[in-house]
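Dear colleague,

I am passing on the structure below, and after it I have written out what was found in it. Please keep it open beside this message while you read.

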Amino acid sequence: MVDAGRRVVEVRRWAPGGAERWQRYEVDAGADTTVLDALVEIQRRQDPTLAFRYACRVGMCGSCAMVVNGRERWACRTRLAALGGGRLQVRPLYHFPLLRDLVVDMAPYAARLAAAGGALVPSRTAAPYARIAGSGPERAAIDPAIECIGCGMCLSACTMVGHNPRFPGPAALNRAFTLQRDSRDAGKAARWATLLSDDALARCHGQGACTDVCPMGLSPTGSIIRLRAMATRRLLGLEGPQGVVDPPPPGV
Amino acid sequence: MIERLDTDVLVLGAGGAGLCAALHAADAAPSLAVTVVVKGLLGRAGCTRMVQGGYNAVLAEPDSLDAHLLDTLAGGGWINDQELVWTLVTEAPRRVLELEWRYGCLFDRTADGRIHQKPFAGQSHDRTIHKGDLTGIEIMSRLTEQVLRRPGIRALEECRAVALWLDDEGRAAGALVLDVRRGRFVAVRARATVLAMGGGPTMYRIIACSADKSADGIALGHAVGLPLRDMEMVQFHPTGLVVPGSLMTGALLEEGLRGAGGHLRNGHGERFMARYDAARLERSTRDLVSRASFLEVAEGRGTPNGGVWIDVSHLGAEVVERTFRGMVKRCRDFGRDLAREPVEVFPTAHFLMGGIVIDATCRTAIDGLFAAGEDTGGVHGANRLGGNGVAESTVFGGIAGDVAVAFVEARAAPRPGLAALEDVVRTLTAPLGRSPSPALYDLQGELRAVMWDDAGLVRDGEGLRRALAEIERIETALDGVGVPPDPALNTAWQDWLNLRSQCVAGRLVVTSALARDESRGAHFRRDFPGPASSLYSVHVQRRAGDLHVWREPVALTRAAPEAATPHATVEIGD
């Protein structure tokens, strides 16, 4: 096979009661070997104690998010060949409690999402079958922001998440944006109260690290900017029907 | 040694079926405690989130419930349980609207704002509701959010059920759960239990389904003596990506590529479908295209990596990039340019049609135990239509939740004994005390190989009997294999447990395939290449340690084969 070669993989190891350390392995890599393939090979053939997490293994579940050579990536869709030569360094996501080796506790992700009102509140009066034009402004605003797989890479990359535990983080703010634009949702007022608190929208510094690492190509940064624009219009009393505020023009 | 937890409704599994069961139970009775056991991370384990194509539901004329029923029965080779199918087609429209207004899903719309429905495999009308080509992510993300905002639901993340718990009268009383993170066992006592762990043909060499599945629900149901039906029916999808040496192998390339006019070629460059289905060529049905590709490779006409080529480049690179964005990206991550060149594909094990016998209210043969989704059999018969899978899981999951609540309200808490669970713990922890060995993964590879070679797309009696002996050898060998001693987050131990379940499910597939001496739907016997004149389902059940296999005639309670109308021939979907 082309591109086959011996690759050095350094993996951050830790188990309760021990010290964090780097452990060095070597794997035979083919043209299509992914980071996940390398970890599976190490666990199966060299070190059965290595702990890491994956589920779908084809880029739909986001369970295998980790930091590879200093950048958040999904291990299942990252080929070693695409990372260039040299050694490979793999460590767990930042800003989540470490459980073991590459496995972190994702509970803070869910907690931040829930705290930011990241779920539709059904309207008691709305028709069950909402008519929403496929090409209308509501869909145009929501569609590019909705395909989040919940991998948590944006929280790991975000400088504010590590600094302020009350900051909802990029994924939750991105979801909040889609809900504030959703005419079916009845939870907007409560969500605005959270979003306009001292620890939410105002805290994003716009560095864009979340957008840089999103494996789905979403832009939480853009969603946050749009939420701020909506908040401004709302404060100025320029809201549309059902509490929906028109978004700023595209290009943000 | 065994920790204890009490709950009212215990839901095992957290895909579309499990989360719908939990949400329905919590909303029907907010004061009840609902506990969901998730093998991986909440909302991200299992196959519902891998759904690309969509959700079949009848929303508007000229489509009709009868048409959806007949399409599903014809697709299923007429061995479906017709009462389950009728429940599916009548409840699906309600569930889709519930997913929208109650849970927040936003499916694709037409220009005038109605839910968009697209044509899909074997269906007489445009019926399939979708969110782009990532419908499953939309459904699972929204269900997960709703679970998080309901205080009555507690999710046990990275926990897996390893045994069902019965009381002295043989009624369901909960489950023994292994907390994977801590490596501790928890006996969860429940007044009603819902089994929704999602089947999954991961005992095959090449798979499309989520790799975290291991047919645990099938194995657990079988262990407590539940009858299972049509376990021989395993769906293979024709176009799984070939990625040599990578777990990515078997990942689906959606059938829309063939529907849109894609060509399949063998290693010699021939469009081989002309020899198998001259009229429909690449647009033939899923089972036929899969079998044809398999035979081309088996007869020495494969590509360099043992597959066939799919080529859509003649449609125009710009069209392919726009229409199949997700598929193009999936290929590009692996250095393949789907828009401009042929890509190697091969059939991939996708779905278990067979499973635990249930009635239309998700009741099983055990009092207090309900089941829904891919763990169950009968809805899809011999072949599942694209778009009926997520409909099944959400429809029956919701029903199971409702029915479990009604059951709980009429029942006192069971008082099961712990002794049986202590035996299970001793058996399951045995490998922790043996020295670790990579032989575990040799055995895993051997099971996958024999299932693929002898119980896969083309079967015969001799091969199936060989597979049965091989599975027995692997199960015996597994009893001697060790794993590292620390039980917490122990991947090797989890894989040992997975392989146990996969052996059980594999044995049920092979045993049932031997009992069906005909070819129908996904099940093809080289030694019985035609369909039998009678319609029957194959049942298998463990009784006093022995495997009993029998046939039951299909009850044509809603429609008979002659009522079927001609069907669309283009297969598109998952």
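This is a predicted model: local features need pLDDT of at least 70, side-chain atom pairs count only at pLDDT 80 or more; totals for chains, interfaces and linings use all residues.

Residues are numbered from 1 along each chain as its sequence is written, chains are lettered from A and ligands numbered from 1 in the order in which they are written, and side-chain values use heavy atoms, with hydrogens and water left out.

**The sheet in chain B**

Strand 17 (536-543) and strand 18 of chain B pair in the antiparallel sense over eight bridges; helices (H or I, at least four residues) and strands (E, at least two) are DSSP runs, numbered from the N terminus, and two strands pair if DSSP finds at least two bridges between them. Both belong to an open sheet of four strands in chain B, with the order 15-10-17-18 and antiparallel pairing. Its edge strands, each of which pairs on one side only, are strand 15 (355-356) and strand 18 (546-553) of chain B. Helix 14 of chain B lies across strand 10 (228-229), strand 17 and strand 18 of chain B, running at about 45 degrees to strand 18; here axes are lines fitted to C-alpha atoms, for helices over the stretch in contact, and angles run from 0 to 180 degrees between N-to-C directions.

**The sheet and the domains in chain A**

In chain A there is an open sheet of five strands with the order 2-1-5-3-4 and mixed pairing. Strand 2 (21-29) and strand 4 (71-74) of chain A form its edges, each pairing on one side only, and the twist averages 35 degrees from one strand to the next. Strand 1 (residues 5-13) of chain A runs antiparallel to strand 2 of chain A and is joined to it by nine bridges, with A:Gly5 standing opposite A:Ala29.

Chain A is divided into domain 1 (5-104) and domain 2 (107-243), with bounds that come from an automatic or database domain assignment. The centres of these two domains, taken over C-alpha atoms, are separated by 31 Å, and 14 residues of domain 1 are in contact with 16 residues of domain 2, where contact means heavy atoms within 4.5 Å. The two domains of chain A bury about 1,200 Å² between them, 67% of it on carbon and sulfur atoms; buried area is the accessible area (1.4 Å probe) that two parts lose on being put together, summed over both. Of the area that domain 1 buries against domain 2, A:Glu72, A:His95 and A:Phe96 supply 49%, more than any other three residues.

Between the two domains of chain A the count of salt bridges is zero, a salt bridge being a side-chain nitrogen of Lys or Arg within 4 Å of a carboxyl oxygen of Asp or Glu.

**Where the chains meet**

The contact between the chains involves 69 residues of chain B and 62 residues of chain A. Chain B and chain A bury about 5,600 Å² between them, 52% of it on carbon and sulfur atoms, and in chain B the residues that lose the most area to chain A are B:Arg44, B:Leu106 and B:Leu247, together 14% of what that side buries.

Across this interface of chain B and chain A there are eleven salt bridges. One of the salt bridges in the model pairs A:Arg100 with B:Asp486, whose closest N and O atoms are 3.0 Å apart.

**Some local details**

Over all chains, a search of the whole structure finds 76 salt bridges. Within chain A, A:Asp101 forms a salt bridge with A:Arg13, the closest N and O atoms being 3.0 Å apart. This pair links distant parts of the chain, 88 residues apart, with A:Asp101 in the loop between strand 6 (98-100) and strand 7 (103-104) of chain A and A:Arg13 in strand 1 of chain A.

A cis peptide bond, with omega of about 10 degrees, joins B:Glu61 and B:Pro62, and B:Pro62 is found in the loop between strand 3 (55-56) and helix 2 (65-75) of chain B. A:Arg57 has a positive phi of about 60 degrees although it is not a glycine, and A:Arg57 is found in the loop between helix 1 (35-45) and strand 3 of chain A.

With best wishes
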